[in-house]
Amino acid sequence: RSHIENITIVLDELFQRSKMTMDKIDIIGVTYGPGLIGSLLIGLQCAKTISLVTGKPLIPVHHIAGHIYANNLEKRLSFPLIALVVSGGHTDLIYMKEDYSFKRIGSTLDDAVGEAYDKVAKICHLDYPGGPKVDKLSKLGKDTYDLPMPLDDDSYNFSFSGIKSAVVNLVHNEEQRGNPIRIEDMCKSFQDRVVHVIVKKTMKAIQKYGVKNLLLAGGVAANSYLREKLSEATSLENINFRYPRIEYCTDNAAMIGAAAYYAYQKGIIGNLEQNAVAVDSLYNEK
Ligand code: KG4
Ligand code: ZN
């Protein structure tokens, strides 16, 4: 409902601020999924309408391709690369040998990392979205809570539901006993373990695929500790590491435009039949 109310306002502002006019548009990039179907449909309907009116091609963009191409806004990507995509809905390791070629080599088996951050924040009575708050508070804390390590096996998959549930149970138990939680320490204990496993598996993927380029993408790419630890690990191995500016980490339209350009070059062109998808059905796994 909020999207319906805002979409035309956003369009007006877009044309005003960018000093663009409808006739200057070459292609229209639009997110078709995955995500909440209601909001996706509003954006898609709007893009289809512009495509119909202008006669310009409609380019359907996968949300995660957008996050990855946020890294291409300021500097051209170098291939082959490994992309670590960490957001509220994804924790993926992806191998790309060239533009718009995505091979997923690992993924979360349960909760996405951002989802786990948000849940830990909520149980600690921090506002949504909790990820940035957990990040900030953990700078003031110590790793004193004995939480389980997230899945640390030979695969490239992740699992964060165990550590998330451990935090939830610990906080409930302490609250029932009337013991205050040291929130900064809880944030630090959680973040240290999560980042440790993510960095370890990412570095292993880099070695296995023999690449020299790593990029970080998605809302959790804003996490200062993850950036710091990946910077350390990659500089030891002479790997080029990059991440987007903070404003391009969280969901934004610029990244969808950046991806649409390369999708178009690859001949990925939609039409007015294009539908939105709620679930993550694809990468063009090549
Ligand atoms: O990519 P995004 O904006 O939306 C999805 O596609 O899901 O990611 C949002 C997620 C939220 O879970 C939010 O808490 C998390 O990114 N996030 C962070 C930080 N900034 C945003 N998580 C940890 N540390 C941060 N600094
Ligand atoms: Zn996102």
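Trainee: Where is K19 found?
Mentor: K19 is in the loop between α1 (2-18) and β1 (28-33). Keep in mind that we are looking at a predicted model.

Trainee: Is K19 buried or exposed?
Mentor: K19 is exposed, because its relative accessible area is 70% and the cut-off for exposed is over 50%. K19 also has a positive phi of about 55°, although it is not a glycine.

Trainee: What about N238, where is that one?
Mentor: N238 is in the loop between α8 (224-236) and β7. Its phi is positive too, near 60°, and N238 is a residue other than glycine. With 62% relative accessibility, N238 counts as exposed.

Trainee: Okay, new topic. Which residues of α4 are buried?
Mentor: They are V113, G114, A116, Y117, D118, V120, A121 and I123. That is 8 of the 11 residues of α4, so the helix is largely enclosed by the rest of the structure.

Trainee: And what covers them?
Mentor: The cover includes strands β3 (81-86) and β4 (91-96), along with helices α5 (131-138), α6 (161-176) and α7.

Trainee: How do α4 and α7 pack?
Mentor: Helix α4 (residues 113-123) and helix α7 (residues 183-209) pack at an angle of about 175°, and their axes are 12 Å apart. That makes α4 roughly antiparallel to α7.

Trainee: Which residues meet there?
Mentor: From α4 you have V113, A116, Y117 and V120, and they meet F190, Q191, V194, V195 and I198 in α7. The residues of this contact divide into 8 nonpolar, 1 polar and no charged.

Trainee: Why would residues three or four places apart point the same way in a helix?
Mentor: An α-helix has 3.6 residues a turn, so residues with that spacing point the same way.

Trainee: What comes just after α4?
Mentor: H125 does, and it takes a positive phi of about 65°. In the loop between α4 and α5 you will also find P129. A cis peptide bond joins Y128 and P129, with omega about -10°.

Trainee: Where is P80, and what is the peptide bond from F79 like?
Mentor: P80 lies in the loop between α3 (63-69) and β3. The peptide bond from F79 to P80 is cis, with omega near -10°.

Trainee: Switching to the ligand: how many residues surround ligand 1?
Mentor: 18 residues surround ligand 1, and the closest are H67, G88, D118, N223 and T250. D118 is also one of the buried residues of α4.

Trainee: Which atoms of ligand 1 sit by G114 and D135?
Mentor: For G114, a backbone N or O atom lies 3.2 Å from an oxygen atom of ligand 1. For D135, an N or O atom in the side chain is 3.1 Å from a nitrogen atom of ligand 1. G89 has a polar backbone atom 3.4 Å from an oxygen atom of the ligand.

Trainee: Last one: is R242 buried or exposed?
Mentor: R242 is buried, because its relative accessible area is 17% and buried means under 20%. R242 is found in strand β7 (residues 240-242).

Trainee: What is R242 in contact with?
Mentor: Leaving aside neighbours within four places in sequence, R242 is in contact with N71, K75, R76, L77, S78, L214, L215 and L216.

How values were computed. Residues are numbered from 1 along each chain as its sequence is written. Chains are lettered from A and ligands numbered from 1 in the order in which they are written. This is a predicted model: local features need pLDDT of at least 70, side-chain atom pairs count only at pLDDT 80 or more; totals for chains, interfaces and linings use all residues. Side-chain values use heavy atoms; hydrogens and water are left out. Axes are lines fitted to C-alpha atoms, for helices over the stretch in contact, and angles run from 0 to 180 degrees between N-to-C directions. Helices (H or I, at least four residues) and strands (E, at least two) are DSSP runs, numbered from the N terminus. Angles under 35 degrees count as roughly parallel, over 145 as roughly antiparallel, 65 to 115 as roughly perpendicular and the rest as oblique. Contact means heavy atoms within 4.5 Å. Ala, Val, Leu, Ile, Met, Phe, Trp, Tyr, Cys and Pro count as nonpolar, Asp, Glu, Lys and Arg as charged, and the others, Gly among them, as polar. A residue is near a molecule or strand if one of its heavy atoms lies within 4 Å of it. A polar contact is a pair of N or O atoms within 3.5 Å; within protein, one must be able to donate a hydrogen and the other to accept it, and residues adjacent in sequence count only if both atoms are side-chain atoms. Buried means under 20% relative accessible area, exposed over 50%, partly exposed in between (1.4 Å probe, protein chains only).
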